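Hi,

Here's the structure I said I'd pass on.

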Amino acid sequence: MPVESIFHRLEALLPKVQKPIQYVGGELNSTVKDWDSADVRWALMYPDAYEVGLPNQGVAILYEILNELPGTLAERTYAVWPDLEELMRAEGVPQFTVDAHRPVRAFDVLGVSFSTELGYTNLLTALDLAGIPMLAVDRGDDDPIVLAGGHAAFNPEPIADFLDAAVLGDGEQISIAISEVIREWKAEGRPGGRDELLMRLAESGGVYVPKFYDVEYHADGRIKRVAPNRADVPWRVHKHTVMDLDEWPYPKKPLVPLAETVHERFSVEIFRGCTRGCRFCQAGMITRPVRERSITTIGAMVDNGIKESGFNEVGLLSLSSADHSEIGEVAKGLADRYEGTNTSLSLPSTRVDAFNIDLANEFSRNGRRSGLTFAPEGGSERMRKVINKMVTEEDLIRTVTTAYSQGWRQVKLYFMCGLPTEQDEDVLGIADLAKKVIQAGREATGSRDIRCTVSIGGFVPKPHTPFQWAGQADHETVDRRLKALRDALRGDKNYGRAIGFRYHDGKPSIVEGLLSRGDRRVGAVIRNVWEDGGRFDGWSEHFSYERWMAAAEKAGIDVDWYTTREREENEVLPWDHLDAGLDREWLWQDWQEAISGGEVEDCRWTPCYDCGVCPTMGTEIQIGPTGRKLLPLTVV
Amino acid sequence: MQRLRVRYAKRGRLRFTSHRDISRAVERAVRRAGIPVAYSAGFSPHPKISYAGAAPTGVASEAEYLEIGVTTPCDPAQVRQDLDESLPSGLDVLDVVEAGPGGLADRLEVSDWEVRLPGADRELAEVAVEKFLAAGTVEVERLTKKGPRRFDARQAVLGLTVSEGAERTAAQVHGGPCVILRMVVRHMTPAVRPDDVLTGLRLVADFAPPVPPEVTRLAQGPLDASTGALADPLDLDRDTTRGGEAGPAGEHVAG
């Protein structure tokens with residue numbers, strides 16, 4: 001039976017809300033399929049505002065893949081702002097998809113992509129507005145399977161009670177596999193109801209169903225063990241890895257929003273994974289190994305994406321884009337191709353040591369030389385060794401000297417505060433570094449019109465990294481160091497005005513830390529916060545530290561125990577039953593190396609150091625060079 | 001440099017696009033359609049596309065206008081088709097002509113608005129309109145970016161009539177017929193918008209529709225002094241250039 005669109009009910013509310021265009025859909029390249037043409041239906045959610053969610057590559061890719069799959073449809077849904085939420089509640093309008101404005105509860109799966117833990121409260125809003133019971137155990141056969149993915153799903157324990165299932169790793173193939181399991185189960189007449197469907201998904205070891213695992217605790221609160229509570233459910237759930245990115249050249253039909261979004265460009269992922277081995281970086285640990293897209297596929301995707309979208313900017317995405325084995329050829333080929341067309345290229349995530357001026361010149365050929373961004377992350381050589389970000393001060397100064405002398409005027413530097421073993425002088429070292437950068441720029445250009453911006457964020461220890469055992473710095477320490485750094489930067493008459501300083505206070509990092517390394521008991525805190533009105537926690541104007549602390553107290557949760565406490569080697573961590581492929585012993589050994597300042601090389605260019613991923617997951621490093629070149633295409 | 005004048009509609013759910021949303025969508029559509037748009041010179045080149053008097057966010061329109069500068073001469077009929085195909089459905093290109101002499105914005109003197117008021121009382125509306133038209137001035141206040149501003153909403157209104165028709169969008173909610181106001185309003189500074197006229201109706205006769213009005217601009221253009229009718233602003237271009245044929249004004253899609 002077709003499901004009615006709720007658009008006419010929504011439409012009456014739209015004149016009363018901010019930016020109504022974000023709720024109407026109708027984007028170029030969006031897909032609306034007949035409800036009855038599909039027997040498996042996905043609602044894909046990015047749990048943040050449309051302007052953040054629409055450019056998300058993960059959702060965009062799955063949206064296309066699932067809509068291409070016969071008998072399957074996928075629509076998108078985003079978090080609604082509080083102004084619309086209030087009106088929807090008053091008028092009884094349910095959470096809807098923006099494509100055909102169908103109620104989310106009518107779908108088979110609600111797939112939610114979590115890039116960050118700060119979207120958890122928005123999941124609860126969506127469930128509540130959709131009329132889906134908040135707790136998985138209360139859901140019936142008519143409710144969708146609530147499925148989490150994305151990086152935060154590598155420890156979904158804090159939201160385990162709200163989820164039916166979670167998937168780790170690349171979504172392309174597993175989302176198709178899940179669709180087929182659901183299709184088969186529905187075709188058989190839904191034998192055994194919801195539980196049997198979840199069992200079928202869980203048995204494979206590729207889908208985590210939290211309710212099939214029991215968590216036991218020691219008297220002191222530590223986890224004793226996490227064990228399946230049914231036969232046929234495996235002890236560990238494994239991540240998924242797509243091995244040939246050239247076979248999955250998505251997005252092919254990029255969504256072009258009408259509303260303004262945070263990234264207004266066509267983005268191509270030029271490789272997935274990173275083995276630089278930065279110890280703080282969860283993305284670099286859980287997405288191994290490196291799998292490059294070939295220069296030929298990148299060229300074809302860019303050509304197609306620009307034609308399909310009309311965007312005038314191309315972003316070459318990855319965790320460290322200058323590390324692509326043929327980045328020079330890619331940059332030159334694309335710059336040649338789009339010369340004179342007002343199409344600009346951008347390369348986010350460039351490492352200081354992988355940067356070279358030829359590359360930067362290619363990327364700025366069609367655009368401005370406004371700013372370059374580097375992320376040394378640590379302010380002192382010692383700190384950078386601890387985090388294994390092996391960028392020397394000489395590298396940085398040499399790089400910025402070249403950049404300034406080639407016409408760049410502004411350099412942005414990213415750092416973290418609160419890193420393991422960090423002392424006050426490590427953070428104050430950032431001020432010295434910034435001054436040296438300015439000095440180098442002045443000497444290189446003979447001009448005082450040189451700027452440098454220091455951006456600094458609080459470090460949060462993440463699961464599946466060598467720092468998963470570390471004690472997080474308390475927010476008082478972080479704030480004290482940031483203040484000292486600010487004084488050191490501002491206090492210097494010679495440099496103060498040339499250096500911009502951007503930072504956040506340390507409190508939000510504590511909440512992020514609680515959610516990152518939390519276990520199932522933290523779910524009560526999330527629920528309390530949500531009931532107290534917590535929404536959009538990733539937005540500083542909505543986030544309330546006090547609300548989170550009050551919610552934790554009410555739930556009997558000791559926030560320090562979850563955040564600032566250092567863990568012992570043998571403590572069972574809440575995510576130990578979730579397998580990112582990383583060998584636990586290697587992670588521990590790397591943590592010990594970190595404390596003693598030992599470095600690890602990149603396994604793309606040096607022998608394997610047994611992190612464990614490739615043999616466990618049956619994967620291998622896939623890099624070029626292919627030796628091919630980009631052919632010039634006729635462009636409009 | 002050839003300049004092309006484009007009449008387009010914003011319809012249905014795409015009436016919620018803001019002016020900025022439309023300008024991004026048009027820039028992308030121009031690129032997708034392969035129209036050889038000219039760029040401004042300088043540090044940060046912008047495509048030469050200019051907009052005349054855009055309807056507010058949430059207001060539908062059958063008569064919005066923009067002008068595109070192109071580097072090589074284009075066939076207006078082909079541009080009409082290509083640009084329409086490249087824009088999302090709901091932003092629909094109705095007419096393209098090659099620009100003749102004279103500015104387009106200067107010709108947009110008057111707008112013809114249709115304001116649907118679901119659930120409003122027809123008799124009350126008629127009384128309010130009568131009182132409004134009988135008044136010499138009707139001072140209204142609107143919140144602008146610079147704070148509240150008071151101005152006369154009466155003088156700009158050249159015509160105001162009441163009729164009845166079907167609801168256009170939120171029909172399923174209320175059902176039944178709905179009151180329709182037609183307003184012919186002269187463009188002035190500060191602009192008098194249909195909202196301001198509704199405010200005026202509330203002030204003179206306490207007439208307040210129960211739900212937000214559904215507003216559509218049906219036409220805008222010069223006022224024919226002899227007939228008092230609203231003329232097509234692109235007719236002047238058609239008279240002076242041979243490139244643009246008087247194409248159909250496009251389908252008028254309700255809802």
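Predicted model: local features only at pLDDT ≥ 70, side-chain atom pairs only at ≥ 80, totals over all residues.

Residues are numbered from 1 along each chain as its sequence is written, while chains are lettered from A and ligands numbered from 1 in the order in which they are written.

Let's start with a helix pair in chain A. Helices here are DSSP runs (H or I, at least four residues), and strands are too (E, at least two), numbered from the N terminus. The axes of helix 17 (residues 523-531) and helix 18 (residues 545-554) of chain A come within 8 Å and cross at roughly 125 degrees. Axes are lines fitted to C-alpha atoms, for helices over the stretch in contact, with angles from 0 to 180 degrees between N-to-C directions.

Next, helix 10 (residues 327-337) of chain A: its buried residues include Ile327(A), Val330(A) and Leu334(A). Buried means that 20 or more other C-beta atoms, placed from the backbone, lie within 10 Å of a residue's own. Among the elements covering them are helix 9 (295-309) and strand 12 (313-317) of chain A.

Finally, chain B is assigned domain 1 (2-106 + 233-240) and domain 2 (109-221), with bounds from an automatic or database assignment. Their C-alpha centres lie 28 Å apart. Nine residues from domain 1 of chain B and nine residues from domain 2 of chain B make the contact, meaning C-beta atoms, placed from the backbone, within 7 Å.

Cheers

Conventions
Buried ≥ 20, exposed ≤ 12 C-beta atoms within 10 Å, placed from the backbone. Contact = placed C-beta atoms within 7 Å.
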